[in-house]
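Open the model in your viewer and keep the selection panel at hand. The stops below say what to select next and what is there.

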Amino acid sequence: MNASTPRRFRPSRRAVLAGLGAIAPLGMLAACGGSSSSAADANSTLYTWISNENDRAQWQAFIDAAKEADPDFELELEGPSFEDYWTKVKTRMSSSDAPALLTTQAARAQELDALLAPLDELAESAGVDLADYNEAMIGGMTVDGTVRAIPYDAEPMVLYYNKKLFTDGGLELPGTTYTMDQFLDNAKSLTSGDSYGLGISAGLVHLGMSIGFANGGTPVTDGALTLTDPKIIEGLQFSFDLVTEHKVAAAPAAVDSEPAAQQALLNGNVAMYLDGPWMYQYFLDGLGEDLGVAIVPSESGEAKGLIQGSGFGIASNAKDKEGAFKQIMAITTPEVIGAVANTRGTFPSIESQEGEWAEGKAEDNVAAVTALARNGEPLITTPTWNEVGSQFAQSATDGFHGNRSAEEILSEIQAAIG
Amino acid sequence: MLGFAIFIVIPLLTSLVISFFDWPLFGTPEFVGLENYRYMLTGDPAFWVSLRNTIIFAVFYTAVNLVVALGLSYWLMNLGGRWASFFRVLFFIPVVTPMIGNALIFRLMLNDDGVINQMLAAIGIEGPQWLNTPGWAMLSLVMMSLWQGMGYNIIVLGAGIAGINSSVLEASKIDGAGPIVRFFRVVFPMLSPTIFFCTIMTVIGAFKVFTQPYALTEGGPGNATNTIVLHLYRNGFSFDRLGLASALAWVLFVLVMLITAVQFSQQKRWVTYDS
């Protein structure tokens, strides 16, 4: 063969098979990646947290109620568990076939800032008056001066208690006024042997934070972290002392302490436990008429609620935002919010629907929740709130075991993140 | 080669590029040069702590794993028969079970009022706060990891021992070597390539520890059990800092590469490939 003669490339059978073998999986991967969907498909899918059948039933209640007004209304549900939601929503919304609708908590609205489109102009164009919705929740859903989600609930943290344990112990039932001293006395009276006066979760937004909030503290001021607010520190230290000094509660586990405390309330192993109204139906199913609800104890004994709640927003990269807003409005009409409040027990974000929520509930329980909701403020957070919660979760057990004070823990987090 | 490029080289290089950006999970990345590395090394309060924790975990886990796995393999060789097979399966079962499930069960056992402390209380011993005090929490991670991972090394080392020429062992017996001398003078040198392999793999695995602190302690109490990969995961997927997470990944990658390179460079001192 002449050296100057160009060689004709003839791939061997092995090379061809190897090439096909390498390309075939890529083809399959591409096929699995899915194609970009139309705006209509995106508008008919809600990305939200679905931790269990209870969650799914709640979202389905919105759809069913919307179908009452419009039988052609359609909305698909998609999403991971609540714990995974706050991570996965960011990656899911980055994909080409992302849903146009998503759910957010007011406390997370700052963190999801980039994902959520402003709704003010869309609401104005559609003739929707945002003032109809709970003012505190609209405040919580406002980021950089624009509303990012329409709230469907406005739920203050409340103190659940077991009425039977209180009456058996000869104690006066707490209600719409409750001081910290009364609370501590009751917790001590209800603690004996393996039974505790109180169940505690190690989460950041729980008993200590709620008490600090009720006493006038705030973990965020003007968009900046203020974890070292004296009232917040005192509130958290009070919750630590309940375990370490007063021994009226067991130290919560390092991870997933909430389900254990909830179960302890249902089993009658603890007399009191702080949680949101979204747990009302669950606790009612377990405790029946023994379920009591009181305000969060405060120094003055007056009600001041730490309001949390969630709402529906539109993805900032949605192609048809007007269409997406129509879908949101279909599931946030007063009638729909009232119907869901009635069937699922979420405290409504529209005052006129509170009667729907109250129907069938004990009057004293309704009075306590309503007092907190009417005298409440939203928990407004920062974009770094997830990091704050994460660091607190790591350190909370130190506090509940008396190894470090609330001031040390909160100062450390404030210095690291604030 | 194409697969290597697509699944290894390109993701590696992409990760390197991302480490020079402030890269959120959603939104527009911004080039920040070496800022992520600067922050990691001089501003991130959790980096050095998590690196220290990872090294402590890796040293204890690797040392105990290899010593115990080697001892058990040697014991199984001498035991022989059906019982040896039974114990090999028994030791290997945790390896094939999901680590997250095992971690949840260990969490229940190691809680303050968990099974272990209840058993200790039954015999009059007040158990420690396994997951809530720094030293015990790290020990708990190591214990759980050993339970989960040791079976793999037992199988590999067992295969290595089975590959030793029986006539060599017979010859050492005839020469009067007892079990201990035989182990250190005959079995260990002939098994050294297998031990070297196990050491490399165990160290690499130990530096990647994630599930155990994630499920058992969330890195707490404080940062006592926070590890590099847990810190990396949180920065990337919880705190929206993919750039910093990528920088952490590269530091871990380089660190593991260096340690592995050192191990390879030192193998001449103790690894013998003569059969």
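**Before you start**

This is a predicted model: local features need pLDDT of at least 70, side-chain atom pairs count only at pLDDT 80 or more, and totals for chains, interfaces and linings use all residues. Residues are numbered from 1 along each chain as its sequence is written, with chains lettered from A and ligands numbered from 1 in the order in which they are written.

**Stop 1: chain A, whole**

Select chain A. Its C-alpha trace spans about 105 × 55 × 40 Å along the principal axes. The chain holds 18 helices and 16 strands; these are DSSP runs, H or I of at least four residues for helices and E of at least two for strands, numbered from the N terminus. Of its 418 residues, 48% are buried (20 or more other C-beta atoms within 10 Å of the residue's own, with C-beta atoms placed from the backbone). Now consider contacts (C-beta atoms, placed from the backbone, within 7 Å). Among those between residues at least 6 apart in sequence, 76% join residues at least 24 apart.

**Stop 2: colour by confidence**

Colour chain A by pLDDT, the predictor's confidence in each residue, from 0 to 100. The mean is 88, and 90% of the residues reach 70 or more. Which elements mark the lowest and highest confidence in chain A? Helix α1(A), residues 13–32, is lowest at a mean of 51, and strand β8(A), residues 158–162, is highest at 97. Then take residues 28–36 of chain A. Their pLDDT stays under 50, and the model gives them three contacts beyond four places in sequence. Where pLDDT is low, the predicted coordinates should not be read in detail.

**Stop 3: the two domains of chain A**

Colour domain 1 (39–154 + 309–358) and domain 2 (157–307 + 384–417) of chain A separately. Such bounds come from an automatic or database domain assignment. The C-alpha centres of the two domains are 29 Å apart. Their contact takes 13 residues from domain 1 and seven from domain 2. On the domain 1 side, six are nonpolar, four polar and three charged. Here Ala, Val, Leu, Ile, Met, Phe, Trp, Tyr, Cys and Pro count as nonpolar, Asp, Glu, Lys and Arg as charged, and the others, Gly among them, as polar.

**Stop 4: a five-stranded sheet**

Still in chain A, show the open sheet β2-β1-β3-β15-β6, which has mixed pairing (strands pair if DSSP finds at least two bridges between them). Its edge strands are β2(A), 76–78, and β6(A), 150–151. β6(A) runs antiparallel to β15(A), residues 310–314, over two bridges. Zoom in on A:Pro151; its bridge partner in β15(A) is A:Gly311.

**Stop 5: chain B**

Move to chain B and colour domain 1 (14–43 + 240–270) and domain 2 (52–221). Their C-alpha centres lie 30 Å apart. Seven residues of domain 1 of chain B are in contact with seven of domain 2. The domain 1 side has four nonpolar, three polar and no charged residues.

**Stop 6: where the chains meet**

Show both chains. The contact takes 26 residues from chain B and 22 from chain A. On the chain B side, α1(B), 2–18, and α11(B), 228–238, each supply at least two residues. α11(B) gives the largest share, three residues. By class, this side has 10 nonpolar, 11 polar and five charged residues.

Technical notes
Two residues are in contact if their C-beta atoms, placed from the backbone, lie within 7 Å. A residue is buried if 20 or more other C-beta atoms lie within 10 Å of its own, exposed if 12 or fewer, and partly exposed in between; C-beta atoms are placed from the backbone.
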